[in-house]
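Hi,

Here is the structure I said I would pass on.

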Amino acid sequence: MNATISDRSMRIRKATLDDASTISTLILSLAHHFLLRDDGAGAESFLLSLAPEGIARNIATPGLDYYVGLAGNQLMGVVAVRQGTHLFHLFVGQPFQRGGVARALWSCVKDIYEWPTATSPTTVNSTPFAVPFYERMGFCEVGARVEKNGVAFVPMQLAQA
């Protein structure tokens, strides 16, 4: 799968275990968007799940599919889908934000999983920072902001076609 993103070519492929460390680094570089405290207090377990070992476990987990967006060998972004209906992760590296990377990753998984479907809702627990993006992609808030285990998120669901 290929996409042109702000004058760069991005290749999207299924993630492998070799990608775990790079994915971890990218997500943890953006932790300030979802942590309740800058020092990560209260979110220690969650942050451990984002360490390379946690990401590797996720990649190896049946029903949890990771895809990476690459320019050459450089990771631009990552998207993960759980059980074909839940957008588990969608993160774009800071230098590539606002350049169409998230939209391209979203479009890729939307096509793969044929979202929206009439039988199962598509959901995401959005970082507060990303709510406007998801609204542009057709998601609606389905609950109040949640602050739990040191992180904040907003439950959202994709509107049916």
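Let me start in a loop: E114 sits between α4 and β6, where helices (H or I, at least four residues) and strands (E, at least two) are DSSP runs numbered from the N terminus. Before going further, the ground rules: this is a predicted model, so local features need pLDDT of at least 70 and side-chain atom pairs count only at pLDDT 80 or more, while totals for chains, interfaces and linings use all residues. Residues are numbered from 1 along each chain as its sequence is written, and side-chain values use heavy atoms, with hydrogens and water left out.

E114 has a positive phi of about 55 degrees, although it is not a glycine. At 61% relative accessibility E114 counts as exposed; the cut-offs are under 20% relative accessible area for buried, over 50% for exposed and partly exposed in between, with a 1.4 Å probe and protein chains only. P116 belongs to the loop between α4 (101–112) and β6 (123–126), and the peptide bond leading from W115 to P116 is cis, with omega near -10 degrees.

Q160 lies in the segment after β9 (151–158) and touches P116, T117, A118, S120 and P121, leaving out residues up to four places away in sequence; a contact means heavy atoms within 4.5 Å. At 41% relative accessibility, Q160 counts as partly exposed. Q160 and I12 are 148 residues apart in sequence and 26 Å apart in space, C-alpha to C-alpha.

Now the overall picture. The protein has five helices and nine strands, and along the sequence they run β-β-α-α-α-β-β-β-α-β-α-β-β-β. With 161 residues, a compact globule would have a radius of gyration near 15 Å, and the protein's 15 Å agrees with that. That radius is taken over C-alpha atoms, and the globule rule is 2.2 Å times the number of residues to the power 0.38. The C-alpha atoms fill a box of roughly 40 × 35 × 30 Å along the principal axes.

Buried residues make up 47% of the 161. Of the contacts between residues at least 6 apart in sequence, 59% join residues at least 24 apart. The protein exposes about 8,400 Å², with carbon and sulfur atoms supplying 51% of it; areas come from the Shrake-Rupley method with a 1.4 Å probe, and for residues only the protein chains shown count as cover.

On charges, there are 13 positive and 13 negative side chains, and the centres of the two sets lie 3 Å apart. Lys and Arg count as positive and Asp and Glu as negative, with His and the chain ends not counted; each charge is placed at NZ of Lys, CZ of Arg, CG of Asp or CD of Glu.

Which residues of α1 are buried? They are A20, I23, S24, L26 and I27. These cover an arc of only 165 degrees around the axis, which puts them on the same side of α1; the arc is that of the directions from the helix axis to the C-beta atoms. Their cover includes α3, β3, β4 (74–82) and β5.

Helix α3 (residues 52–60) buries G54, I55, N58 and I59. Those residues span an arc of only 140 degrees, so they are on the same side of α3, whereas E53, R57 and A60 are exposed on the other side. What covers the buried set includes α1 (20–29), α2 (44–49), β3 (64–71) and β5.

A20 is buried at 4% relative accessibility, and its C-alpha is 7.7 Å from that of I59, 39 residues along the chain.

Finally, H86 is in strand β5 (residues 86–92) and counts as buried at 9% relative accessibility. Beyond its neighbours within four places in sequence, H86 is in contact with A80, V81, T123, V124 and N125.

Cheers
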